[in-house]
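Here is a short briefing to read alongside the model.

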Amino acid sequence: MNNIEPTLERNMLASAAGYSPRMPWLAIGRLLLPLWRKDLAFKRTGWQYVLLMAIAAFAIVYGAWQQEVIHNFGALLNTKATTVFYMVPSLALNTLDPSLAEVLVWIAIGRALFAIFCAWLDMVFHKKITGRPFDWESMINVALVNGLFSFAALFAVLNQPIRDWLAHYDALVAQVPTLVDLNGSVALVMAMLIGDFCFYWSHRLCHETRCFWNLGHISHHRNRNLTQMTCAIEPGWLPLQAAGGLALLLLPVMSKLFTSDIRDAGIALAVLMVIDTLVDPSHSIFMYWIESKSRALRALRTVFVTVGVHYMHHSNEVTGPHGTGVNFGARLSIWDRVFGTYAEPPKALPRTGLFDPEADLCVNPLRYVLQPFMRMGLELRGNKLSDWPFILFGSTDYEPPNPVRMSR
Ligand SMILES: [Zn+2]
Ligand SMILES: [Zn+2]
């Protein structure tokens, strides 16, 4: 469906009107306009169907790699360190008891395979769970978008001023004194709490601040047919992520204040890694469905962000007490409970996507990536300079005095 507004088109043509038609960018604009307007759509017959299946097959492999599924799996072939639990610093395996290290490697392989399996089951059971056929076009679109975002991340990481800034930040963090040395299970629990506390506030900031939401995190929330394979990653504009992740910058500081040696946690490491495996496919409709039938999986919600709890974060049916959403935690539901933003997932799969019913589905990589910037640019152009700080850094509830008539 193409629901791009005529207003936007008028805006694009109006800004072109003052220039000579020979201007090369206008020619590029004319070329791009049909590409901008159209959403990806294939017929389910003849050569279009064959083409759709061929591109979809490529997108399945590439998409899985983009979601770091195969990527993680590849890293396991030469494992030296593994992540036990999301946001807890990875663990060097050669410093562990060899039999425990072997158990962790097997769980890590299982985690990668399980994520691939869930992505595949999402496609197979999509019609049964949602009543709608699997959205192949959306999967292809997201694979392209994720590729662009990853490329942007790579560009940002290779950018020398950003590298200098990060090195400077690392040097500052190195000067932070260590107040408490923790080890074993206490260290593990503390690392989980600190990691998720930083993630919670970073994520909430991304939802509540205009530029972090409109130019970044909105992409992760756009899809109305959300599954493991139709989930857009965060845009990789590192400076923006770093800004949106102000609280995440706290993580190295807090990890330095409470130095944690989790090696002595023993079998607790394996138990937490199994839980991490179960909740890792956090956009899987298949796992949501299984969770709705399993009391044991639902019991995990007391402390952990299960697939259901994170999928609920993508629901456009619940705005939450702050109007910007619910369930901001990454792996622990504790901070959402403490700060009053927890919402229990319903039995039936909630509708996902942006709160705005007029929001663009954007099954078009060009619009998906550029539309938020276009919208912000038009807002800045149509309003006074004194409104700019609010347009950029105000709350997501803020509407500029001259709003832009363009879908989100
Ligand atoms: Zn979010
Ligand atoms: Zn998500």
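Are α9 and α12 roughly parallel or roughly antiparallel to each other? They are roughly antiparallel, a label for angles over 145 degrees, while under 35 counts as roughly parallel, 65 to 115 as roughly perpendicular and the rest as oblique.

This is a predicted model, in which local features need pLDDT of at least 70 and side-chain atom pairs count only at pLDDT 80 or more, while totals for chains, interfaces and linings use all residues. Residues are numbered from 1 along each chain as its sequence is written, and chains are lettered from A and ligands numbered from 1 in the order in which they are written.

**Overall picture**

- The protein has 19 helices and four strands; these are DSSP runs numbered from the N terminus, with helices being H or I of at least four residues and strands E of at least two.

**α9 with α12**

- Helix α9 (residues 184–208) and helix α12 (residues 246–257) pack at about 165°, with axes 7 Å apart; axes are lines fitted to C-alpha atoms over the stretch in contact, and angles run from 0 to 180 degrees between N-to-C directions.
- Ile194, Gly195, Cys198, Phe199, Trp201, Ser202 and Leu205 of α9 make the contact with Leu246, Ala247, Leu248, Leu250, Leu251, Met254 and Ser255 of α12.
- By class, this contact of α9 with α12 has eleven nonpolar, three polar and no charged residues; Ala, Val, Leu, Ile, Met, Phe, Trp, Tyr, Cys and Pro count as nonpolar, Asp, Glu, Lys and Arg as charged, and the others, Gly among them, as polar.

**α7 and its two partners**

- Helix α7 (residues 136–158) packs against helix α18 (residues 365–381) at about 50°, with axes 8 Å apart.
- That angle makes α7 oblique to α18, and their crossing is right-handed.
- On the α7 side are Asn141, Leu144, Val145 and Leu148, which meet Pro365, Tyr368 and Val369 in α18.
- This contact of α7 with α18 has six nonpolar, one polar and no charged residues.
- α3 and α7 pack at about 45°, with axes 9 Å apart.
- α3 is therefore oblique to α7, and this crossing is left-handed.
- Residues of α3 in this contact include Ala59, Gly63 and Gln66, which are also among the buried residues of α3.
- The contact of α3 with α7 divides into ten nonpolar, five polar and no charged residues.

**Helix α8**

- The end C-alpha atoms of helix α8 (residues 160–174) are 21 Å apart, which agrees with the span for its 15 residues at 1.5 Å a residue; the expected span is 1.5 Å times one less than the number of residues.
- α8 is hardly covered, with a count of buried residues of zero.

**Two loop residues with positive phi**

- Most residues other than glycine have a negative phi.
- Met87, in the loop between β1 (81–82) and β2 (91–92), has a positive phi of about 80°.
- Cys362, in the loop between α17 (334–338) and α18, has a positive phi near 50°.
- Cys362 counts as buried because it has 26 C-beta neighbours inside 10 Å.

Methods:
Left-handed = near helix turned anticlockwise from the far one by under 90°. Contact = placed C-beta atoms within 7 Å. Buried ≥ 20, exposed ≤ 12 C-beta atoms within 10 Å, placed from the backbone.
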